[in-house]
Amino acid sequence: MSILLPILATVSRQVKNSFVKKTRRTLAVQEQFLKELLVAYQDTALGREYGLRDIKTIDQFRDRVPVLPYSSYEPYTERIAQGEQNVLTPDPVVYLNLTSGSTGQKKLIPVTKRFQNSLRQANLTSIGFLSDALRDRGSQFGKLLATNSVQLLGRTPGGIEYGPASVGVLRMGKFLYEQLFAHPYETLLPDDSLTRHYLCLLFALCQPEMRGLGANFPMLVLRICNYLEQYAEELIHDLDQGTIAPWLKLAPDVRTKLERQWSANPSRAAQLREVWKSEGRLIPKLVWPQLSYVATARGGTSDFYFERFPQYFGDTPGYGAVYASAEGTFSIYPELGQDGSILAIESGFFEFIPEDQWEAEQPQTLLAPEVQVGDRYRILMTNYSGFYRYDIGDVVEVTGFYEQSPLIVFRHRRGGLLSSTTEKTTEFHVTQVMQSLQQEFGLPLEDFCVTLAEDVIPAHYLVNIELLPGQALDNPSAFLHRFDQKLKEIHTSYEVKRRDAVPAPRLRILAPGSFAIVRQRQLKKGVPDSQLKFPHISEDRSFLAGLTVAQEIRLPEVANRESY
């Protein structure tokens, strides 16, 4: 263990304790954040346009600054990319976060040192919560395995580096993350995904006391597990011999740096070989018996993937760390295994749009202490990126309060809707259904995506699933029938429209490897490897085009109706 890791844990607990005190006066903290930001940013190009100098209260801010989407900020970010100063931020822009584009257009988000420090504060707070939660369980905080790339995507004409948000975070916080990772920073340098995962796993396997494993999304955690299984023999060989596989796509200078930090560990290799022979595979809960948390995103579609976690992690709890995007950090998780997270009141000024205001051009908003438990809101963010009242499109549900700060959980992205007529089925709806069906049928799935049929109006829902290798669905008709029933139970509009307007859904069992093909298509479109998100609903009728359908199932009443 790094001698600096206990110091980091102590500092993070202090930061967390300070944050907790501030949650007892949430509105005052939010108001102070906004006032300090407005003073600092009043003489920027956009600050002058909005007259930030004359805004003294929250109400004035809401009256004078409009709620705007990214398209309204794009001309300003383009000016920044060309090298112009003092456009959105008074401080120099040192990096541009490029959003993944997996759920829409790509966006450039300005990052300054001030902005990055506010995000680092939230990350330290989450480490403090994690340290305390582990201590309460009789465990302890320690090093973790993470496979995010640190490769830049390029430089703008103005010379500003750009890439995924996680790349910027890791590069600007290199010293901090070198203390946290169970593998050298250089293992994150390769562009090639397999090479990077292999190297991170190889070095982490040397540390049986490793405590954590993390990735941006649960699907990516499962990918780490798959690589560990698939390359077990090669990893054990390299560990035994002190070699680094020659077939890895490694730049010579990176290979040299890693070889200097690498040496044979025959005793650990023998231990792992015994596990591999007795169990038939390597999985995290056997390889790292002291593993105490799995850090990854929660909410949204995550619960679907969590159904497969026990086979790899046993009862090791998950931890959300922070709910964040390229635009900023929204909330911080106070506990293990919990979906609700505390609004990050030190990292931004937040407003909430109630559902009855979602269609308004300039909606009336609520402040943090004013939201209601059980209600859903679009969340607006104002922070040091230079975006004000920014509508990212995320829909969150308030699950409770932590002191005076709301606990929120991400549900779905607004606009990600599926409608055969006008029922507006969300990704969260279908994820709830598929999570339940996996449990009911004892059948964990590789993945799924619900689309609409092209050949009829109104369209059938097409429930596209891929089974895990070696799995079989014995009664696909019953599975489809239960999908229809459960969606009716949780989604009133679907239940009403299904009575006479929406035709019965159909089940398509796709050939093995189908969703791997879809993910490769996304990567080829430029979605960064570590930011890959898979949509579980799609209005794009060609999203799954070209995949092999092994079996298509229709509900009996549909087959009977069409046979006449």
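Arginine 376 comes out as partly exposed, at 22% relative accessibility; buried means under 20% relative accessible area, exposed over 50%, and partly exposed in between (1.4 Å probe, protein chains only). Keep in mind that this is a predicted model, where local features need pLDDT of at least 70, side-chain atom pairs count only at pLDDT 80 or more, and totals for chains, interfaces and linings use all residues. Residues are numbered from 1 along each chain as its sequence is written, and side-chain values use heavy atoms, with hydrogens and water left out.

Glutamate 397 makes a salt bridge with arginine 376, with the closest N and O atoms 3.5 Å apart (a side-chain nitrogen of Lys or Arg within 4 Å of a carboxyl oxygen of Asp or Glu). Glutamate 397 sits in strand E14 (residues 390–402) and arginine 376 in strand E13 (residues 376–382), so the pair ties together parts 21 residues apart in sequence. Helices (H or I, at least four residues) and strands (E, at least two) are DSSP runs, numbered from the N terminus. Glutamate 397 is buried, at 15%.

## Around helix H4

Arginine 62 and aspartate 59 share helix H4, three residues apart, or about one turn of the helix. They form a salt bridge too, at 3.1 Å between the closest N and O atoms. Aspartate 59 is partly exposed at 47%.

Arginine 53 and aspartate 43 pair up as well, at 2.6 Å, N to O. Arginine 53 is in the loop between helix H3 (45–50) and H4, and aspartate 43 is in the loop between helix H2 (26–41) and H3.

## The wider tally

The whole structure holds 31 salt bridges. Arg13, Lys16, Asp132 and Arg135 are joined in a salt-bridge network.
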